[in-house]
Amino acid sequence: FHMDIAASIQKVTEDIMIKLVKSLKKEFNISNLCLAGGVALNCVANGKILKEKIFDNIWVQPAAGDAGGSLGAALALWHIEQDNPRKVDHNDSMQGSYLGPEYSQKEIEEQLDKAGAKYKIFKDQELIDKAVSDLSNEDAVGWFQGRMEFGPRALGGRSILGDPRSEKMQKNLNLKVKYRESFRPFAPSILREDLPEWFDTNIDSPYMLMVSNINEDKTIEMTDEQKKLFGIDKLNVKRSEIPAVTHVDYSARIQTVHKETNNKYFKLIKKFKEKTNCPILVNTSFNVRGEPIVNTPTDAFNCFMGTDLDKLVIGNCYLDKKKQNPKLKKDYTNEFELD
């Protein structure tokens with residue numbers, strides 16, 4: 001019953017959004033659409049607008065909820081009140097949405113030492129090699145690099161990563177790390193140049209705000225028996241080469257990864273592709289259900305010790321769960337109420 005209500009509200013939302021943008025197109029005859037506001041975080045509806053091919057390009061502000069209103073207010077003052085010229089940057093000026101705080105290697109080490117963490121330090125390339133090796137062994141890896149993301153999506157700055165080819169990754173991350181329902185879908189981070197080979201789209205989605213279907217040649221057709229399954233049972237059916245990021249309707253909420261905005265994350269996925277032939281990682285926000293995303297190295301270590309994350313890569317520090325002091329383990333399981 002709850003599923004029916006949720007599905008119905010979603011359907012009506014999509015219909016209204018499509019009607020609205022069609023009338024905008026008719027009235028102003030513009031080829032580009034910008035969306036903001038909380039409803040613009042509905043990436044399924046955004047994907048449907050994209051599919052309708054009403055506009056050539058769609059851009060959604062990465063912090064499209066209330067928090068992003070601060071940006072709109074500043075821009076309104078700058079352009080409307082003070083009459084400053086508008087400069088259009090082809091890549092957009094959000095710098096990949098990496099607008100939050102960042103920590104130097106020295107600060108990271110100081111915070112980890114204070115927390116009692118055991119870590120090793122590696123140069124960038126070696127660090128990436130180790131992380132790729134862990135990921136391809138189905139480890140869940142906490143990835144804390146550079147500036148924090150602005151907006152509700154983790155975009156490879158404060159992320160938990162996994163191997164999308166793994167059949168158990170979605171379930172494991174949900175139950176062991178996020179302490180939430182096992183059906184929650186995860187997003188694929190994909191190298192921009194590989195997007196059309198895997199998904200039915202060729203439009204940038206750097207902020208994880210578009211849903212698209214996986215290409216048919218990557219899907220696995222369900223048997224008649226499997227089609228009769230319902231709910232969680234149906235979700236647990238392997239339906240593509242990347243089951244951990246393929247939702248029950250063969251869709252995925254995509255993040256395209258660009259060298260220009262997050263070179264370290266780009267290199268990590270590129271190396272993963274070299275090793276596995278798969279240019280995609282599972283990406284979910286670095287936090288426990290009900291808790292905000294980690295911001296400081298101390299937050300990251302606490303979350304690492306309160307979950308079944310296997311490895312933590314933070315700046316150039318590499319942490320293995322097995323090497324940590326077991327007394328520092330935290331019990332998060334009953335800490336937070338369900339959303």
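Tutor: A residue is called buried when its relative accessible area is under 20%, exposed when that area is over 50%, and partly exposed in between. The model before us is a predicted one.

Student: Why is Glu 14 called buried?

Tutor: The relative accessible area of Glu 14 is 7%. The limit for a buried residue is under 20%. Glu 14 therefore counts as buried.

Student: What makes the contact of Lys 48 with Glu 14 a salt bridge?

Tutor: The closest N and O atoms of Lys 48 and Glu 14 are 3.0 Å apart. A salt bridge requires a side-chain nitrogen of Lys or Arg within 4 Å of a carboxyl oxygen of Asp or Glu, so the pair qualifies.

Student: Is Lys 48 buried, partly exposed or exposed, and how do you know?

Tutor: Lys 48 has a relative accessibility of 35%. That value falls between the limits of 20% and 50%, and Lys 48 therefore counts as partly exposed.

Student: How many salt bridges does the structure hold?

Tutor: The structure holds 16 salt bridges. One of the pairs is Glu 110 with Lys 106, at 3.0 Å from N to O.

Student: What separates Glu 110 and Lys 106 along helix 4?

Tutor: Glu 110 and Lys 106 are four residues apart in helix 4 (residues 105–115), which means that about one helical turn separates them.

Student: Which classes do Glu 110 and Lys 106 belong to, and why?

Tutor: Glu 110, at 44% relative accessibility, is partly exposed, because 44% lies between 20% and 50%. Lys 106, at 59%, counts as exposed, because the cut-off for that class is over 50%.

Student: How do you know that Lys 218 and Glu 197 form a salt bridge?

Tutor: Their side chains meet at 3.4 Å from N to O, and the cut-off is within 4 Å, so the pair counts. The pair links distant parts of the chain: Lys 218 is in the loop between strand 7 and helix 8 (224–227), and Glu 197 is in helix 7, 21 residues apart. Lys 218, at 10%, is buried, whereas Glu 197, at 44%, is partly exposed.

Student: What joins Asp 129, Lys 271 and Glu 274 into one network?

Tutor: Salt bridges that share partners join these three residues.

Student: How do you know where the buried residues of helix 6 lie around the axis?

Tutor: In helix 6 (residues 169–177), Met 169, Gln 170, Leu 173, Asn 174 and Val 177 are buried. They cover an arc of only 130 degrees around the axis, and they are therefore on the same side of helix 6. Tyr 179 follows helix 6 and has a positive phi, near 50 degrees.

Student: Which residues form the negative surface patch?

Tutor: Asp 200, Glu 216, Asp 217 and Glu 241 form the negative surface patch. Asp 200 is in the loop between helix 7 (195–198) and strand 7 (210–213). Asp 200 counts as partly exposed because its relative accessibility is 47%, a value between 20% and 50%.

Conventions
Residues numbered from 1 in each chain as written. Predicted model: local features only at pLDDT ≥ 70, side-chain atom pairs only at ≥ 80, totals over all residues. Heavy atoms only, no water. Patch = residues over 30% accessible without salt bridge, like charges linked within 9 Å, V, L, I, M, F, W, Y side chains within 5 Å. Areas by Shrake-Rupley, 256 points an atom, 1.4 Å probe, with all protein chains shown as cover. Lys, Arg positive; Asp, Glu negative; His and termini not counted. Charge placed at Lys NZ, Arg CZ, Asp CG, Glu CD. Helix = DSSP H or I, 4+ residues; strand = E, 2+ residues; numbered from the N terminus. Buried < 20%, exposed > 50% of the residue type's maximum accessible area, 1.4 Å probe, protein only. Arc of directions from axis to C-beta.
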